[in-house]
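Here is a short note for a colleague who is starting to read structures. Please keep the model open while going through the points.

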Amino acid sequence: MVTLQHNYQNLVQKLAAAAQKAGRPSESVRLVAVSKTFPADDIRAVYAAGARDFGENYIQEWLAKADDLADLPDIVWHIIGDVQSNKTKAVAERAHWVHTIGRLKTAQRLSAQRPSEMPPLQVCVEVNIAGEAAKHGVPPAEAVALACEVAKLPNLRVRGLMCVAEAGADGAALAEQFGTMQKLLADLNAVGVAADVLSMGMSGDWETAVACGATHVRIGSAVFGRRDYGAAARQKSV
């Protein structure tokens, strides 16, 4: 547990330094600790080190952990995986953020199922920035239009855009992809949607993402250690 806390605190310091290097305030980058496949006890340990934002992909796994950690009232849950139609109700009722809006239908279901007494669900439109067939999200050319439609829904608040960069891309390609995201965010603001979030950057590319304006980086292995991908595959199936 001490190792997890050290990992988290060390990464927070590195993110702050990277933000300053990019000419931004040190607190302008938020770390979303990706806790998918890791147990509630690990999340509790990282929470004790100061983390409040945690990212989850698999809804059933997340719901069980959210129950176990219900005594942590200020924990913030970010859904960073695709949300299937039969899971939107649980997400609408219990999540704080959804980073992966790639279909208007999903957004409509989340808005309709968000309890009226809760604050709006914070959402990002997911952009398939490299046009990869295996990844979710809309093409860059469709991102602003989708965000504008989502922004009309009553119980959601469009905060910005999210992407997963192309795996194995070199530094120049990453900078181009993240730079496109930065331009799309500016375009979104130009058409009247006040958006301030770029959710991009993971364990292998966060430094380039921060240099290109990332406000939220989603990092798992650098905090929690190596992931059991066999367990991840089993969880993904439920």
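Predicted model: local features only at pLDDT ≥ 70, side-chain atom pairs only at ≥ 80, totals over all residues.

1. Strand β1 and its cover. The strand β1 covers residues 30-34. Of its 5 residues, 4 are buried, which leaves β1 mostly covered. Buried here stands for a relative accessible area under 20%.

2. Strand partners of β1. The strand β8, residues 216-219, runs parallel to β1 and is joined to it by 4 bridges. Within β8, Val217 is the residue that stands opposite Leu31. On β2, residues 53-56, there are 2 bridges to β1, and these strands also run parallel. Gly55 of β2 is the bridge partner of Val34.

3. The β-α-β unit. Which elements make up the unit that includes β1? They are β1, the helix α2 (residues 40-48) and β2, and the unit is right-handed.

4. The second largest pocket. This pocket holds about 190 Å³ of space. Its lining has 13 residues, and those nearest the centre are Tyr8, Val12, Val29, Arg30 and Leu31. Two elements, α1 (2-21) and β1 (30-34), each give two or more residues to the lining. The helix α1 gives the most, with 4 residues. By type, the lining divides into 7 nonpolar, 2 polar and 4 charged residues.

5. Phe38 and Phe224. The model has 3 aromatic pairs. In one of them, the ring centres of Phe38 and Phe224 are 5.0 Å apart and the planes are at 20°, so the pair is stacked. The pair links distant parts of the chain, since Phe38 is in the loop between β1 and α2 while Phe224 is in helix α9 (residues 221-224), 186 residues apart. Phe38 counts as buried because its relative accessibility is 8%. The value for Phe224 is 6%, so Phe224 counts as buried too.

6. Phe54 and Trp77. How are the rings of Phe54 and Trp77 placed, stacked or tilted? Their centres lie 6.2 Å apart and their planes are at 50°, so the pair is tilted. Phe54 belongs to strand β2 and Trp77 to strand β3 (residues 76-79), so the pair ties together parts that are 23 residues apart in sequence. Phe54 is buried, at a relative accessible area of 0%, and Trp77 is buried as well, at 5%. Ring pairs join Phe54, Trp62 and Trp77 into a cluster.

7. Thr37. This residue lies in the loop between β1 and α2.

8. Gly131. Is Gly131 buried or exposed? Its relative accessibility is 62%, so Gly131 counts as exposed. Gly131 sits in the loop between β5 (121-127) and α6 (140-150). From Gly131 to Ala143 there are 12 residues in sequence and 13 Å in space, C-alpha to C-alpha.

Terms used. Residues numbered from 1 in each chain as written. Heavy atoms only, no water. 1 Å grid on protein atoms, 1.4 Å probe; cavity = no way out; pocket = protein on both sides within 12 Å on 5 of 7 lines; lining within 4 Å. Points joined across faces, edges and corners; volume = space filled by probe spheres on them. Nonpolar A, V, L, I, M, F, W, Y, C, P; charged D, E, K, R; others polar. Buried < 20%, exposed > 50% of the residue type's maximum accessible area, 1.4 Å probe, protein only. Pairing = 2+ DSSP bridges. Right-handed = clockwise from strand over helix to strand, strands pointing away. Phe/Tyr/Trp six-rings, centres within 6.5 Å; stacked < 30°, edge-to-face > 60°.
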